[in-house]
Amino acid sequence: MDKLTFIGGGNMATAIISGLIADGMAAGNIEVVEPSEDAATRLKQRFGIEVQTGLDRAILHPVIVLAVKPQQLPDVARQLASRLKNHLVVSIAAGVRVADLTRWLGGYERIVRTMPNTPAMVGAGITGLFAGKTLGEDDRSRAETVLRAVGSVVWLNSESDLDWVTAVSGSGPAYVFYFIEALEAAAKSAGLPAETARHLALHTVFGAARLALEAGEEPSVLRARVTSKGGTTERGIASLESAGLPAIVANAVKAAAERSRELGDELGGLG
């Protein structure tokens, strides 16, 4: 596995570093550039890795993971541009398009754009990846190895598809959390103790997701199996359908995708 330099040491970078080390990567093969002294100290103490507080002091290992806030990326990229040679640049900055990053990097094109999600923090993430046609299979494999440390990966043929990945899996955890909130609130309003309501809601969603992953069957089949004719689940599902749940979810995903496209336009205009 290649040595890596993370530029930015926030939550997602920390999650990936944790996953890589758990997968057997030596701490000495990881470098982080993190300007916050407190954050730098925490990273050193937790992982035993090399942490620099300035980009000018960085070694810059063969794989560079850009993990700064999107608004900081133009400045960081310009600082990097003159130092890039045979590096693979992996961006986890939400919304920043490859063409804009290439421009800020002075025309450098060896780039993979990714969209991980927050369950990566517990090793259960899903990441969408995109790279231009000029990027070789070896580089694709190297980028995939980095993101597989925190969960599953999917490759996209079109960069515009990342807007839909953002809307489905990037924003999706919030939709699920919202559903958990609603399920918990319904249980509490029925008179169940708060702790019991929380426990029921959390484990119902966790168990259903795990079953869907492991059963190897369509969710519609699993749903039908639970929905007995004339039973309680059938009545509950009918209520959700009459409230327009499928359309509500579709509209939420569409709205998030539209905002993702807007943010891409806005971020592209920063530089």
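## A sheet, its helices and a nonpolar patch

Helix α1 (residues 11-22) lies across β1 (4-7) and β2 (30-33), and its direction makes an angle of about 160° with β1. Keep in mind as you look around that this is a predicted model.

- Eight strands make up an open sheet with mixed pairing, and their order is β3-β2-β1-β4-β5-β6-β7-β8.
- At the edges you will find β3 (50-52) and β8 (151-155), each of which pairs on one side only.
- From one strand to the next, the twist averages 25°.

**A pair of strands to look at**
- Strand β4 (residues 63-66) and strand β5 (residues 88-91) run parallel, joined by 4 bridges.

**Helices lying across strands**
- Helix α3 (residues 73-81) lies across β1, β4 and β5, and it runs at about 160° to β4.
- Strand β1 also has helix α1 lying across it, together with β2.

**A patch on the surface**
- Which residues form the nonpolar patch on the surface? They are L240, L245, I248 and V249, and together they have about 320 Å² of accessible area.
- Helix α11 (residues 245-268) gives the most to this patch, with 3 residues.
- V249 lies in helix α11.
- Why does V249 count as partly exposed? Its relative accessible area is 44%, and partly exposed covers the range between under 20% (buried) and over 50% (exposed).

Note on methods. Residues numbered from 1 in each chain as written. Predicted model: local features only at pLDDT ≥ 70, side-chain atom pairs only at ≥ 80, totals over all residues. Heavy atoms only, no water. Patch = residues over 30% accessible without salt bridge, like charges linked within 9 Å, V, L, I, M, F, W, Y side chains within 5 Å. Areas by Shrake-Rupley, 256 points an atom, 1.4 Å probe, with all protein chains shown as cover. Salt bridge = Lys/Arg side-chain N within 4 Å of Asp/Glu carboxyl O. Helix = DSSP H or I, 4+ residues; strand = E, 2+ residues; numbered from the N terminus. Buried < 20%, exposed > 50% of the residue type's maximum accessible area, 1.4 Å probe, protein only. Pairing = 2+ DSSP bridges. Axes fitted to C-alpha atoms, helices over the stretch in contact; angles between N-to-C directions. Contact = heavy atoms within 4.5 Å.
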